[in-house]
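Load the model in your viewer and keep the selection tool ready. This tour goes from stop to stop and says what to pick at each one.

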Amino acid sequence: MMISLSFIIYHLSFIPARAQVGDYRTDFAVGGSAGYTMSNVGFIPDVPQSMLGGFTAGLTVRYTCEKYFSSICAIVGEVNIAQTGWKEQIRDADGQPVYYKFDTERTSPLAYERRMTYLQVPFLARLGWGRERKGLQAFIQLGPQIGCFLSESSKSTLVAGAETQTDRASSIVAQDTMSVQNKFDYGIVVGAGVELSLPKVGHFLLEGRYYYGLGDIYKNSKSDYFGRSNFGQIVIKATYLFDLVRTKNNKIK
């Protein structure tokens, strides 16, 4: 988090000085985004999982401040509603699904997933290479993200007290009945993508990003059950931006 914040502060602090060398910009664009998330939770003790799919959507603002040599420098802020959580892989010692003894037709293996909705606010430093007004541009983004827990729901075939045909390989089950304890989340986002700009139409972006949570959803003191419970999220998203303010410079392509 400190590395990410230092990068952004360094970038902002030296904009006036570097503008004498670079090509100054005052471009401001706004728009919206939507995408698909794949998430899990890094539990310690470990909980076997697969990625849980969900959706994300929100608002995006971008301020482009300078082209420094070939790098187009900008700051990006977003406000998103995102679905995250985890999906357990309930297996026996042989890696096979676990069924209840009363399930003789073996149609309902043990399954559990937790889906949580968060308000997420990333603040990203961006570097791009390519066309700004007409054509393609590649970019990378890096910065901190904070999140606020909104709601949660679960989907499960677990039956309390029911006997299973085989034993579960993992005995870690406390997470199945624990509600989120820490409502505030924070971490680091890194992403890369491409942008297509069309005159008088706007900017179309396709991006892949990864979020690593530095906070935990459950308390992690020595007396608590989990020592770690942080998010990991892969996000594929599409964004549309239109310019509110554009630099008047015929040399910008």
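This is a predicted model: local features need pLDDT of at least 70, side-chain atom pairs count only at pLDDT 80 or more; totals for chains, interfaces and linings use all residues.

**Stop 1: the largest pocket.** Select Tyr100, Leu110, Leu158, Val159, Ala160, Gly161, Ala162, Thr164, Asp167 and Arg168. These residues line the largest pocket. Its space comes to about 180 Å³. Colour the lining by class: 6 residues are nonpolar, 2 polar and 2 charged.

**Stop 2: the cavities.** The whole structure holds 3 cavities of 30 Å³ or more. The largest cavity has about 140 Å³ of space. Which elements give two or more residues to its lining? They are strand 1 (23-44), strand 3 (52-68) and strand 4 (71-88).

**Stop 3: Asp92.** Move to the loop between strand 4 and strand 5 (112-130), where Asp92 lies. Is Asp92 buried or exposed? Asp92 counts as buried because its relative accessible area is 9%, and the cut-off for buried is under 20%. Draw a distance from its side chain to the backbone nitrogen of Asp94: the value is 2.9 Å. Next, select Pro97, Val98, Thr166, Asp167 and Ala169. Asp92 is in contact with each of them, neighbours within four places in sequence being left aside. Asp167 takes you back to the first stop, as one of the residues that line the largest pocket.

Notes:
Residues are numbered from 1 along each chain as its sequence is written. Side-chain values use heavy atoms; hydrogens and water are left out. On a 1 Å grid over the protein atoms alone, a cavity is a set of points where a 1.4 Å probe fits but cannot get out, and a pocket is an open set with protein on both sides within 12 Å along at least five of seven lines; lining residues have an atom within 4 Å of a point. Grid points are joined across faces, edges and corners, and a volume is the space filled by probe spheres set on the points. Ala, Val, Leu, Ile, Met, Phe, Trp, Tyr, Cys and Pro count as nonpolar, Asp, Glu, Lys and Arg as charged, and the others, Gly among them, as polar. Helices (H or I, at least four residues) and strands (E, at least two) are DSSP runs, numbered from the N terminus. Buried means under 20% relative accessible area, exposed over 50%, partly exposed in between (1.4 Å probe, protein chains only). A polar contact is a pair of N or O atoms within 3.5 Å; within protein, one must be able to donate a hydrogen and the other to accept it, and residues adjacent in sequence count only if both atoms are side-chain atoms. Contact means heavy atoms within 4.5 Å.
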